[in-house]
Amino acid sequence: MNALAARIAGLIQAQGPLSIAQFMTMALHDPQYGYYATRDPLGAGGDFTTAPEISQMFGELLGLWIAQCWHDQGRPSPARLVELGPGRGTLMADALRAARLMPEFLAAIDIVLVESNPVLQALQRETLKDYPIGWSDHFEEPDRPLFLLANEFFDALPIRQFVKAERGWCERMIARDADGALAFALAPEPISPALLPPSRDGAPPGGVYETSPAATALAEQIAQSIARHGGAALIVDYGYGADAGFGDTLQAVGNHAFKDILDSPGDVDLSAHVDFAALAQAATRNGAAAFGPADQGEFLTALGIVQRAERLARGQLGRNPGIDSQLKRLVLPDQMGTLFKAMAILPQSAPKPPGFA
């Protein structure tokens, strides 16, 4: 049992089981031992690799997408460009480089990175040293049009899980077993069925329903801002749309492999699949329009990633197998092309954004 596991076990001993949302919050954001508070998790030497680290094409296309949305809404100035969870700053650097094709966009925006990890903040400062950047440890609604990018951010927001048991739907909790180790358990009292979607009646015994109040609340904030001031948000992540079933998607990843969720909190990344249908509903409830989700492969292809790959290969003196492998990893169904999805939030009056059929 590592130091954070011991702290969590002590908290459970003192006040009772924790919800999965509480456990995730401590495991990811504890100031001393939390996963996202202490390290750079990205790349070959980290625990996972995100799309911007795979290829510059990803960030370039997202940068052009956001600049096009700005242009389509009348080129408002001033405006704010925000990235949630910007990693090493790679995506933003690629996006801003591509957006130089529209210099008036760069002149109109101020840039804010939402990042609480001091290790990653230092990397972002170095990567983006040629741009005026501001930082915040949480999302704040600006008083101007908001243009926002979020790649693999919503999957790390805390979730709650409910399990269909004989006595009803019970919340899945983190407790201690007979040996004092962390273990999953069900709350003794079932919740009201009204708190679950109507499809709950079709769930099999042991079926798991997941919800993320934190993700829904953030989508509502973003949608309110865009509905009020204009702008566009692009969310790219792994998840599901309206065809979501009942299942457990909570996972732990370390050193590019799946790990035990409870074994070493703070030393592994925790995430769950994003419920894009819930995000879309949150956006429309708050006066914005939602587009998608579209499969990442289809979305990037519609934005011209194949043509961009061909141009990059030509610029490097012929066919480049590295660029070809990057393209395949981002768009093929058996890699990131289908599991990862893109969803956009825009004002109801805005034109349809690029990449969405």
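The following dialogue goes through some features of a predicted model.

Biologist: What should I know about the numbering and the model before reading it?

Modeller: Residues are numbered from 1 along each chain as its sequence is written, and side-chain values use heavy atoms, with hydrogens and water left out. The model is predicted, so local features need pLDDT of at least 70 and side-chain atom pairs count only at pLDDT 80 or more, while totals for chains, interfaces and linings use all residues.

Biologist: Which residues of helix H12 are buried?

Modeller: Buried means under 20% relative accessible area, exposed over 50%, and partly exposed in between (1.4 Å probe, protein chains only). Helices (H or I, at least four residues) and strands (E, at least two) are DSSP runs, numbered from the N terminus. In H12, residues 305-315, the buried residues are Ile305, Ala309, Leu312 and Ala313. They lie on the same side of H12 because they cover an arc of only 100° around the axis, the arc being that of the directions from the helix axis to the C-beta atoms. Arg311, Arg314 and Gly315 are exposed on the other side of H12.

Biologist: Is lysine 341 buried or exposed?

Modeller: Lysine 341 is buried, at a relative accessible area of 12%, and its place is in strand E16, residues 340-347.

Biologist: What does the side chain of lysine 341 make a polar contact with?

Modeller: A polar contact is a pair of N or O atoms within 3.5 Å; within protein, one must be able to donate a hydrogen and the other to accept it, and residues adjacent in sequence count only if both atoms are side-chain atoms. Here the partner is the side chain of aspartate 295, at 2.7 Å. The lysine 341 side chain also reaches the backbone oxygen of threonine 338 at 3.0 Å. Contact in general means heavy atoms within 4.5 Å. Leaving aside neighbours within four places in sequence, lysine 341 is in contact with a list of residues including Ile235, Tyr240, Phe276 and Pro293.

Biologist: What is the value of phi at arginine 75?

Modeller: Phi of arginine 75 is near 55°, a positive value in a residue other than glycine. Arginine 75 is in the loop between H5 and E2 and is partly exposed, with a relative accessible area of 45%. Glutamate 152 also has a positive phi, near 50°, but is buried, at 19%. Its loop runs between strand E5 (146-151) and strand E6 (160-165).

Biologist: How do the axes of H1 and H2 cross?

Modeller: Axes are lines fitted to C-alpha atoms, for helices over the stretch in contact, and angles run from 0 to 180 degrees between N-to-C directions. The axes of H1 (residues 3-15) and H2 (residues 20-29) come within 11 Å and cross at roughly 150°. Leu4, Arg7, Ile8 and Leu11 in H1 meet Phe23, Met26 and Ala27 in H2.

Biologist: Where is serine 225, and what is it in contact with?

Modeller: Serine 225 is in helix H9, residues 213-229, and is buried, with a relative accessible area of 0%. Leaving aside neighbours within four places in sequence, serine 225 is in contact with Glu141, Pro142, Leu146 and Gly230.
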